[in-house]
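Dear colleague,

Please find the structure below, handed over for your files. My notes on it come after the display.

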Amino acid sequence: MNAAARHLAQQQLWEGKLTVFVISPRMVGLLALVTLVLASAFGIIYERNQYRSLVSNLQGYQSQHYNLHVEAQQLLLEQTTWASQARIQHVAQHALHMVPPKSEQIVLVSE
Amino acid sequence: MRLRTVVYQERWRYYAIFFFLLTIFIVLGMRVVQLMVVDKQFLQKQGNARSLRVLTLPASRGMITDRNGYPLAISSPVDSVWVNPKEFDFQNPHIFSLAAVLGESQDHLLQHIRENSHREFIYLKRHINPKFAEQVKTLNLPGVNLQKEYRRYYPESEVMAHVIGFTDIDEHGQEGMELRYDDFLKGQSGKQKVIKDRMGHTIEVIDTIQPAIAGQDLVLSIDRRVQYLAYRTLKNTVTKSHAASGSMVILDVKTGEIIAMVNQPSYNPNSRSKNQVDHYRNRAVTDLFEPGSTIKGLSVANVLENSDLNADSTIDTSPGWIALNGHVVDDHKNNGVMTLTRVLQRSSNVGMTKFTLLLPPESLWQTLHKLGFGEKTTVNFPGEVAGHLAAQRIWSPFTLATLSFGYGVSASTLQLAQAYGVIAAGGIKRDVSLTKLDKINAGTRVIKASTAQQALAMLETVVGKGGTGTRAQIKGYRVAGKTGTVRKITEKGYDNHHHLGIFVGAVPANDPRFVAAVVIDDPTVGSYYGGIVAAPVFAKVMAGTLRLLSIPSSGERS
């Protein structure tokens with residue numbers, strides 16, 4: 001390829017006039033390859049960029065997921081602590097003054 | 001050809017440029033070779049060290065829930081603060097704030113770091129609240145880092161402590177179900193190779209070496225409401241009677257699941273340092289006792305199973321005692337002629353002995369063995385004991401007699417409940433389970449249905465009028481059960497001052513759903529009789545259980 005290019009260039013230099021490019025099939029093939037190479041190069045650049053921004057997004061979501069997980073576990077812990085049997089008993093007895101009915105107070109209704 | 005001539009004439013310029021460029025290319029090429037081949041390893045390593053990181057992906061431990069999915073053990077994310085003393089700046093003005101956040105004195109903190117200055121990793125404080133962790137993060141001290149970890153919390157605290165057990169600070173199961181199902185509960189932390197940029201952000205995931213697998217949730221067969229009721233009632237009784245300890249087990253007869261398993265004394269698994277190690281034991285499965293009179297319900301089943309005798313067969317127990325191999329077996333008084341039912345109802349040692357001696361001597365051992373004595377249960381709880389049920393080559397009448405009323409055999413509370421569970425289930429033995437079962441275990445028949453049925457009817461008379469277990473009656477339900485009062489063994493033989501009060505029974509007696517065993521160890525205030533100290537615990541807890549689990553009333557037996 002170098003030889004061909006040189007040849008063309010020298011022709012122009014020393015003949016002192018521009019030659020019209022001859023659109024030979026070889027030339028077409030060459031241009032197509034160059035275009036493809038460039039396209040794939042830019043494609044890779046784009047993909048890499050895309051990948052990195054996606055990874056960074058994913059990271060954001062993962063940390064969000066973790067934070068939500070932390071919050072969920074803490075809320076669960078809070079819920080279970082508030083709803084522990086010992087506390088229910090305490091509130092029923094001391095705050096609401098509830099008492100279990102005595103056996104005389106229970107009436108059994110048979111079906 | 002003019003062109004050719006021109007080119008030819010200017011050839012030296014062509015070569016000059018050519019060699020100049022060639023030299024540049026060669027120099028560049030050599031440099032490339034040097035970097036790519038000669039220094040490759042070194043450079044690759046340096047590059048990787050600056051950007052490649054292997055991240056540990058933490059996996060959380062599964063929850064433990066009760067049979068209705070209510071959480072009983074939760075892993076909550078917390079942070080641990082660690083420091084690299086080699087990177088730590090002792091002159092930093094914010095050290096004071098760090099000490100304040102961690103709740104320690106500055107001097108103590110600095111001393112701790114100085115003492116470990118040869119290391120690269122020491123914990124400053126483990127398991128701190130994420131709020132404080134955030135504050136530590138904002139201080140941004142060099143060498144001070146955070147590590148994400150999990151901490152185990154037990155919301156029901158001492159009520160569930162014995163069954164669930166606990167984990168150590170690194171979340172490895174140490175006791176109870178946490179230990180038994182450690183592999184099932186624990187997740188597997190993953191590893192991921194990533195490229196990080198200068199700021200510490202991950203920019204590329206190279207490879208997930210091992211994905212993080214979260215631990216699975218374990219669903220217990222325990223119903224936390226029943227468990228709480230049992231715990232509170234047992235605790236009351238143990239406290240009031242100044243007993244040394246107590247245990248209670250409630251079994252679901254139809255499935256073999258353990259609905260509740262409680263012990264006294266207990267401990268708080270959330271802050272263990274102050275607790276006595278002795279309290280960690282799940283006595284219901286780890287502690288053995290001689291079941292005493294409670295065995296009689298099973299001895300009676302053995303009589304019915306292995307002879308033509310029935311509930312109304314009679315035997316003369318006069319004069320209230322019997323001599324065997326130079327030992328005396330006696331009742332509190334002379335009961336005269338008794339039916340088999342009456343022997344059970346009045347808990348007559350002499351009657352039980354005489355009936356048992358009518359049978360082939362090895363039959364009692366076989367029956368008790370079939371009912372699960374002398375063998376570990378299928379729960380396979382850490383520290384579980386098998387108990388003792390020694391087979392004799394030749395059964396002396398006295399050994400056989402003592403076995404028939406529950407001495408010379410030892411069992412755990414769970415085993416006692418399991419054996420009565422067989423009677424209550426109509427002779428079918430189901431594997432007991434501490435985890436909720438997906439499908440009901442069909443079980444295996446170990447005694448005849450008619451035997452179990454008759455034994456159950458006789459056990460009902462024990463709780464009925466004139467029996468020893470009247471205090472186990474529950475309004476609106478029929479109850480079958482057996483009391484037991486056992487003298488404890490000490491180094492000097494049987495002790496007349498230390499007793500066990502036991503009650504084991506099934507409700508509702510017409511179609512048993514639950515079997516419960518209560519053992520009160522060494523009650524010293526008030527009565528020590530099983531019928532007086534243990535039976536009321538049974539009645540109170542089971543009345544609540546029947547109500548909580550909506551078992552329709554069966555009507556009292558007149």
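Predicted model: local features only at pLDDT ≥ 70, side-chain atom pairs only at ≥ 80, totals over all residues.

Residues are numbered from 1 along each chain as its sequence is written, chains are lettered from A and ligands numbered from 1 in the order in which they are written, and side-chain values use heavy atoms, with hydrogens and water left out.

I begin with the interface. Chain A and chain B bury about 2700 Å² between them, 60% of it on carbon and sulfur atoms; buried area is the accessible area (1.4 Å probe) that two parts lose on being put together, summed over both. On the chain A side, Tyr66(A), Leu77(A) and Gln85(A) lose the most area to chain B, together 22% of what that side buries. Chain A brings 26 residues to the contact and chain B 28 residues, contact being heavy atoms within 4.5 Å. Across this interface the rule finds zero salt bridges (a salt bridge is a side-chain nitrogen of Lys or Arg within 4 Å of a carboxyl oxygen of Asp or Glu). It does find seven residue pairs in polar contact, both residues at pLDDT 80 or more. A polar contact is a pair of N or O atoms within 3.5 Å; within protein, one must be able to donate a hydrogen and the other to accept it, and residues adjacent in sequence count only if both atoms are side-chain atoms. Helix 1 (2-15), helix 2 and helix 3 (85-95) of chain A each give two or more residues to the side that touches chain B. The largest share of that side, 15 residues, comes from helix 2 of chain A. Helices (H or I, at least four residues) and strands (E, at least two) are DSSP runs, numbered from the N terminus.

Next is helix 6 of chain B. Within this helix (residues 130-139), Pro130(B), Ala133(B), Val136(B) and Leu139(B) are buried; buried means under 20% relative accessible area, exposed over 50%, and partly exposed in between (1.4 Å probe, protein chains only). They cover an arc of only 160° around the axis, which puts them on the same side of helix 6 of chain B; the arc is that of the directions from the helix axis to the C-beta atoms. The face turned away from the buried side carries the exposed residues Lys131(B) and Thr138(B). The buried residues pack against helix 2 (25-82) of chain A and against several elements of chain B, among them strand 3 (71-83) and helix 4 (95-102). At the start of helix 6 of chain B, a side-chain oxygen of Asn129(B) reaches to within 2.9 Å of the backbone nitrogen of Lys131(B). Just after the helix, Asn140(B) takes a positive phi of about 55°.

Finally, the structure holds 17 salt bridges over all chains. One of them joins Arg513(B) and Asp252(B) (3.6 Å, N to O). Arg513(B) lies in the loop between strand 20 (493-507) and strand 21 (514-521) of chain B and Asp252(B) in strand 9 (residues 245-252) of chain B, so the pair ties together parts that are 261 residues apart in sequence. Asp252(B) is buried, at 7% relative accessible area, whereas Arg513(B) is partly exposed at 25%. Arg61(B), Arg152(B), Glu178(B) and Asp182(B) are linked in a network of salt bridges.

With kind regards
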